[in-house]
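Work through the exercises below with the sequence and the 3D view open. Each task is followed by a solution in steps.

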Amino acid sequence: MILKDKKILIMGIRNKWSIAWGAAQSAHEQGAEVIFTYHGTENVQKIEDLVSEIPRSKIYPCDVTDDNEVEELFSIIEKEHGKIDGVLHSIAHANMDDLRNGMINTSKEGFKHAHDVSAYSFVAVCRYAKKVLNPGGSLVALTYYGADKVMQGYNVMGAAKAALQTSVMYLSQDLGVDNIRVNAISAGPIKTLSAKAIKDFNVMLEMVEERSPLRRNVTQKEVGDVATFLFSELSSSITGQTIFSDNGMSIMGI
Ligand code: 0WD
């Protein structure tokens, strides 16, 4: 098992359709102890019931837009669990209006919010996680092709993901000296709660099924397996990268 005796923090679990859940299942299957964070109070019991399916897992609240909560989270984790080996940032949010009304109509507040939750929060997570990561530790964020090319309806989230991907490169430079790696996974479209906010999301899914080299959509478990690879020593030479887990869709032209 490639994550035997490793402790992995999975941030952004929402429900069993979350990419975070696929990553948790994969890490657990490969021998890791899994720690979760969630956001909001309306679903705590459901999330606790879900994560209890993974033995020894623990769950903590964390609103990543509050630096103090992020700092506090990692000091709690170090106290309760000691040093950890990996962090998955599976978090993003943009206001529906800002996604639906075209980039040109993005509000200042909406632009800031989307970048705060979906990009800056990963910088804060890396800053505070650094203190509790073992050498060889690995930080992973999730991004989408809408950062590289225009994807209808992705709008301000595309700008936020571009900021996230570039931040991954600069963070990998800062943390490499401590033998900590930083990467992003660019996942193909997957039907989750957040994905529902994107207009005509089903069109994206149909396009991948019809035109991707593998002629099918990715699953959250497949994306989770890529995260497991990036948490393991097998990816020890990979940092600062955006790795595509999209069944090849991103190589297709017209
Ligand atoms: O097609 C997809 N679903 C893709 C998602 C394709 C490519 C990338 N991604 C990315 C997303 O942009 C995100 O970064 O994967 C990541 C996880 O997204 P998901 O699994 O698609 O969505 P979901 O299950 O909704 O998890 C996102 C969660 C939030 O859920 P809600 O529905 O409550 O927004 O991010 C969390 C929250 O649990 N979240 C926060 N966590 C901490 N602090 C915050 C916050 N302020 N805001 C949202």
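**Exercise 1.** Find how the axes of helix α3 and α5 cross, and which residues make the contact.

*Solution.* Step 1: locate helix α3 at residues 67–81; its axis and that of α5 come within 9 Å and cross at roughly 35 degrees. Helices here are DSSP runs (H or I, at least four residues) and strands are E runs of at least two, numbered from the N terminus. Axes are lines fitted to C-alpha atoms, for helices over the stretch in contact, and angles run from 0 to 180 degrees between N-to-C directions.

Before going on, note that this is a predicted model, in which local features need pLDDT of at least 70, side-chain atom pairs count only at pLDDT 80 or more, and totals for chains, interfaces and linings use all residues. Residues are numbered from 1 along each chain as its sequence is written, and side-chain values use heavy atoms, with hydrogens and water left out.

Step 1: on the α3 side the contact (heavy atoms within 4.5 Å) uses D67, V70, E71 and F74, and on the α5 side Y120, A124, V125, R127, Y128 and A129.

Step 2: sort the residues of this contact of α3 with α5, which gives seven nonpolar, no polar and three charged. Ala, Val, Leu, Ile, Met, Phe, Trp, Tyr, Cys and Pro count as nonpolar, Asp, Glu, Lys and Arg as charged, and the others, Gly among them, as polar.

**Exercise 2.** Describe how α5 and helix α6 pack.

*Solution.* Step 1: α6 covers residues 155–176, and its axis is 9 Å from that of α5, at an angle of about 15 degrees. Step 2: α5 is therefore roughly parallel to α6 (angles under 35 degrees count as roughly parallel, over 145 as roughly antiparallel, 65 to 115 as roughly perpendicular and the rest as oblique). Step 3: the crossing of α5 and α6 is right-handed. Step 4: the contact includes F111, A114 and F122 of α5 and V156, M157 and L175 of α6. Step 5: the residues of the contact of α5 with α6 divide into 15 nonpolar, three polar and no charged.

**Exercise 3.** At what angle do the axes of α1 and helix α8 cross?

*Solution.* Step 1: the axes of α1 and α8 (residues 220–231) come within 7 Å and cross at roughly 55 degrees. Step 2: α1 is therefore oblique to α8. Step 3: the crossing of α1 and α8 is right-handed.

How values were computed
A crossing is left-handed if the near helix is turned anticlockwise from the far one by less than a right angle, and right-handed if clockwise.
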